[in-house]
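Here's a quick look at how two chains meet. Have the structure open as you read.

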Protein chains: 2
Amino acid sequence: MIKKSAYAVIVAGGSGTRMGTSVPKQFLEILGKPVLYYTIEAFLNCGVDCSIVLVVPAEHELLAKSIVAISSKPSSIQVIHGGATRFESMKNGLSFVPEDAIVWVHDAVRCLVDQSLILRCYDQAIELGSAIPAVAATDSIRVVEDNKHKVIDRNTIQLIQTPQTFKAAILKQACQQEFNPSFTDEATVVEASGKEVFLCKGSYDNIKITRPADLIIAEQILSQRLK
Amino acid sequence: MIKKSAYAVIVAGGSGTRMGTSVPKQFLEILGKPVLYYTIEAFLNCGVDCSIVLVVPAEHELLAKSIVAISSKPSSIQVIHGGATRFESMKNGLSFVPEDAIVWVHDAVRCLVDQSLILRCYDQAIELGSAIPAVAATDSIRVVEDNKHKVIDRNTIQLIQTPQTFKAAILKQACQQEFNPSFTDEATVVEASGKEVFLCKGSYDNIKITRPADLIIAEQILSQRLK
């Protein structure tokens, strides 16, 4: 397989309201370091040489830069400002990525992403053009429509994660579309442009830090990895 | 509201394969007591006087009885044997529940169920005949069919929990049906009998203990509650 240059666009947009804290979730600390630090390090140490474009709200630029400064390779990271929507933020980040690169678009608050998932996405995106990590649902699932609900086979349900990974040219072309509220992630943007996207095996550990209990899980998993 | 007698049918069937242990998950220990102990205590202390029917595989009868013995009200609990399927196990348990009672059917491995959820289900089942706790999905969701997948509005997706709660007469009548593989939980059994079931607000804390990380979360939440 021919290797390609690799960029991670890490989007840090959340307001942290579900956490009940005023600090956005990507800046909360685990084992003395912010969530975002672990996310950055996962890509810097993934085994593929890569650059990182860190997209943050303007008011958090200094905080983000202080995290970059303690990372293992500050020179590989640039910090830029986000837009009004996740789509705009991602698009801003993507403008710093060369056309022929592979790009991972990743939630800053998924700090447990690991090397094998990052590489699996990279390899599949080279081969198929995209890699959208997904895991099967473990609960029973119902679909609610028009105030009615019906059960749906949980084996048909996939919970979608990041890094959503693409040949940059594919995502760049898709981003030329006007924003549409149906653009809930990069996969939906690329599909709206008429291209198929391909799932790959995600990881149950690769959780989004959204609630206080998630910080506890993250701390345990990270401290086991650091042993 | 006229109060009704209340029975919890707690189904302990799992084999624990995802946990990577040979001990079934309901018998793993948290803070020195088995998962099942906390599940039992949640119902014994829910604020409604209730009886518990504990359904376990025959080979775990002694272990289950030893947990009953350390519970706060052993005389309210009977231990019976399960069947080949969850449906059979639940049906065996239900045969010990009077026709005019309210019955919670609960997964033994959901040991974080709390008083307010148990009472919410009880009250709604008295009023509407059923209460199926559910929480909204927080990830993007895709549906996979015929090797294709498409995104689905995550606001329409509800993750179903237990205790699934019913007027016992409704569930008993539904259980007269022949077993069907579509019977994935009690709600689907009752729906197959032609009756509507009603969702109620679940709790994000009310997780199933299925993976090692879940034990860590459970320990944290339980130790905070014990403070």
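What follows walks through the interface of chain B and chain A.

This is a predicted model, where local features need pLDDT of at least 70, side-chain atom pairs count only at pLDDT 80 or more, and totals for chains, interfaces and linings use all residues. Residues are numbered from 1 along each chain as its sequence is written, chains are lettered from A in the order in which they are written, and side-chain values use heavy atoms, with hydrogens and water left out.

| Item | Value |
|---|---|
| Residues in contact (heavy atoms within 4.5 Å) | 33 from chain B, 33 from chain A |
| Buried area (accessible area, 1.4 Å probe, lost on being put together, summed over both) | about 3100 Å², 58% on carbon and sulfur atoms |
| Salt bridges (side-chain nitrogen of Lys or Arg within 4 Å of a carboxyl oxygen of Asp or Glu) | four |

On chain B's side, B:Ser140, B:Arg142 and B:His149 supply 19% of the area that chain B buries against chain A, more than any other three residues.

One of the salt bridges joins B:Glu191 to A:Arg142, with the closest N and O atoms 2.9 Å apart.

Strands matter here too (DSSP runs of E, at least two residues, numbered from the N terminus). Strand β10 of chain A (residues 157-160) pairs with β8(B) in the antiparallel sense over four bridges; pairing takes at least two DSSP bridges. Within that pairing, A:Ile160 has B:Ser140 as its bridge partner.

Notes
Buried area is the accessible area (1.4 Å probe) that two parts lose on being put together, summed over both.
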